[in-house]
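Please keep the sequence and the structure in view while reading.

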Amino acid sequence: MTVPLLKIGAVLSTVAMVTNWMSQTLPSLVGLNGTALGRAGPAERITLFQSPDDGWQVYTSAQAPDGKCLCTAVIPVQGTCSRDLRSRQLRQLMEKVQNISQSMEVLDLRTYRDLQYVRNTESLMKGLDSKLRVATESQKSLNSKSFQELKDKMTELLPLSPVLDQYKADTKMIIQLKEEVRNLSGSLLAIQEEMGAYDYEELQQRVLVLEARLHACMQKLGCGKLTGVSNPITIRASGSRFGSWMTDTMAPSADSRVWYMDGYYKGRRVLEFRTLNDFITGQNFVQHLLPHPWAGTGHVVFNGSLYYNKYQSNIAVQYHFRSRSVLVQRSLNGAGYNNTFPYSWGGFSDIDFMVDENGLWAVYTTNQNAGNIVLSKLDPQTLEILRTWDTGYPKRSAGESFMICGTLYVTSSHLAGAKIYFAYYTNTSSYEYTDIPFHNQYSHISMLDYNPRERVLYTWNNGHQVVYNVTLFHVIKTAGEL
């Protein structure tokens, strides 16, 4: 009889443990130990996001004279949710109740199994009792030894009788306990709805949906005015003091190839890395050998082709990577070359190709406009000039330049202490002087380009490959038309 007694003891101790936990822990977690659940007051303000890094920030909001709403939004790097204290307690409570429910199921299964064993023992005990009565009435059929053995067995079973009664009562208690847990779970769900504390997975899904909608909105918003540049993010340190690196501005998001061109003149070797991680580690790349050497660092990859300035000429070249051939080359009439009108750092940077949301551009200078920056929109298929603007800004005074949304931005120097100092707007053929801080970490920038697909600036800074995030000021029409 030792084995069933041990099993019954284990079940009873488990029931006691669960009952004790529920009586002591649940009230304090739910807030029922003398503290009423109410809505958050001033000191208990429930917030969806704890810090600006966690949420979308409104950069600027105002109303224009014509009634348009002017605002900007900065999307977070990663959408994460913060729960208030009561919500976290409720979530922990729900998890514990779920664990209790699972334990109850296991306990119920064990109780049912052991109860069957006890019931069988009960039948055995009744059978022995019946035989003992028969033997007592007709003692002639039994000898002294057999009768004593039967009596001893019956004596062994006698302690099981009160245990059996208690076990039946405990079984009923377990059933009641299961019902109470079920009711408690329902109450907790009601509290959860009253508090507005969504399930974490559901809330995370809502954040992802909202983030996707905001990305779509940003794409519809498209262009904006540059209002800020982040601190530099160093991707890799490699190569010489001068060079260029880039990704394809027209490639789908799954295409993360990186192109790398070390040096600023007479180079022909272009390295194509499969991914950004491969570029960081310097692995998994193929080599392209250009048929004509390049000049400067103002190259750009656009829709599978490399656009660059042919060495010792003002010829623009389109080299197609897949076919490994030159598709077209055309002279930019009157454009200076061979360090005639470079940026302030020199380096044969007379002609600078760039891409923004509106397409392919070329920045250069001619003798006719006295060394001021000329900006031309190019046809990427034929390299014909579609339209040209004279910005009036002397190119030798510019450190570098880049295009965002049809606006040319110019830095005041290629050295430390540089700022984004000048902006020329092609949509209005007007300009303004700006004062946007630009942290030149390694003190010598020889390449600066904007990538409209990623909304970042790529730079080559004294042998370091660096990126900057940008903040754009957007105009949202109140009528809903973007």
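A charge is said to sit over a ring if NZ of Lys or CZ of Arg is within 6 Å of the ring centre and within 35 degrees of the ring normal. By this criterion, the charged end of Arg236 sits over the ring of Tyr260, 5.8 Å from its centre. Likewise, the ring of Trp361 has the charged end of Lys377 over it, at 5.7 Å from the ring centre. The model discussed here is a predicted one.

**An open sheet**

Four strands make up an open, antiparallel sheet, in the order S5-S6-S7-S8. Strands S5 (243-246) and S8 (285-295) each have a single partner strand and stand at the edges, so one side of each is left without a neighbour in the sheet. On average, neighbouring strands of this sheet are turned by 20° against each other, direction ignored. The antiparallel pairing of strand S7 (residues 265-273) with S8 extends over 7 bridges. Within S8, Trp294 is the bridge partner of Gly267.

**The largest nonpolar core**

The largest nonpolar core contains 19 residues, and among those with the most contacts inside it are Leu226, Val229 and Phe438. Several strands give two or more residues to this core, including S3 (225-229), S17 (401-404) and S19 (419-425). The largest share, 4 residues, comes from S23. Apart from its neighbours within four places in sequence, Phe438 is in contact with residues including Val229, Ile420, Leu457 and Tyr468.

**Aromatic pairs**

A pair of aromatic rings is described by the distance of the centres and the angle of the planes. A search of the whole structure finds 26 aromatic pairs.

| Pair | Centre to centre | Angle between planes |
|---|---|---|
| Trp361 and Trp389 | 5.7 Å | 45° |
| Tyr393 and Phe422 | 4.7 Å | 35° |

Trp361 belongs to strand S14 (residues 359-364) and Trp389 to strand S16 (residues 385-394), so their pair ties together parts that are 28 residues apart in sequence. Both Trp361 and Trp389 are buried. The second pair also links distant parts of the chain, since Tyr393 lies in strand S16 and Phe422 in strand S19, 29 residues apart. Residues under 20% relative accessible area are classed as buried. Tyr393 has 7% relative accessibility and therefore counts as buried; Phe422, at 2%, also counts as buried.

Ring pairs also link Trp245, Tyr260, Phe273, Phe279, Phe285, Tyr458 and Trp460 into a cluster.

Notes: Residues are numbered from 1 along each chain as its sequence is written. This is a predicted model: local features need pLDDT of at least 70, side-chain atom pairs count only at pLDDT 80 or more; totals for chains, interfaces and linings use all residues. Side-chain values use heavy atoms; hydrogens and water are left out. Two strands pair if DSSP finds at least two bridges between them. Axes are lines fitted to C-alpha atoms, for helices over the stretch in contact, and angles run from 0 to 180 degrees between N-to-C directions. A nonpolar core is a set of buried Ala, Val, Leu, Ile, Met, Phe, Trp, Tyr and Cys residues joined through side-chain atoms within 4.5 Å. Buried means under 20% relative accessible area, exposed over 50%, partly exposed in between (1.4 Å probe, protein chains only). Contact means heavy atoms within 4.5 Å. Rings of Phe, Tyr and Trp (its six-membered ring) pair if their centres lie within 6.5 Å; planes under 30 degrees apart count as stacked, over 60 as edge-to-face and the rest as tilted.
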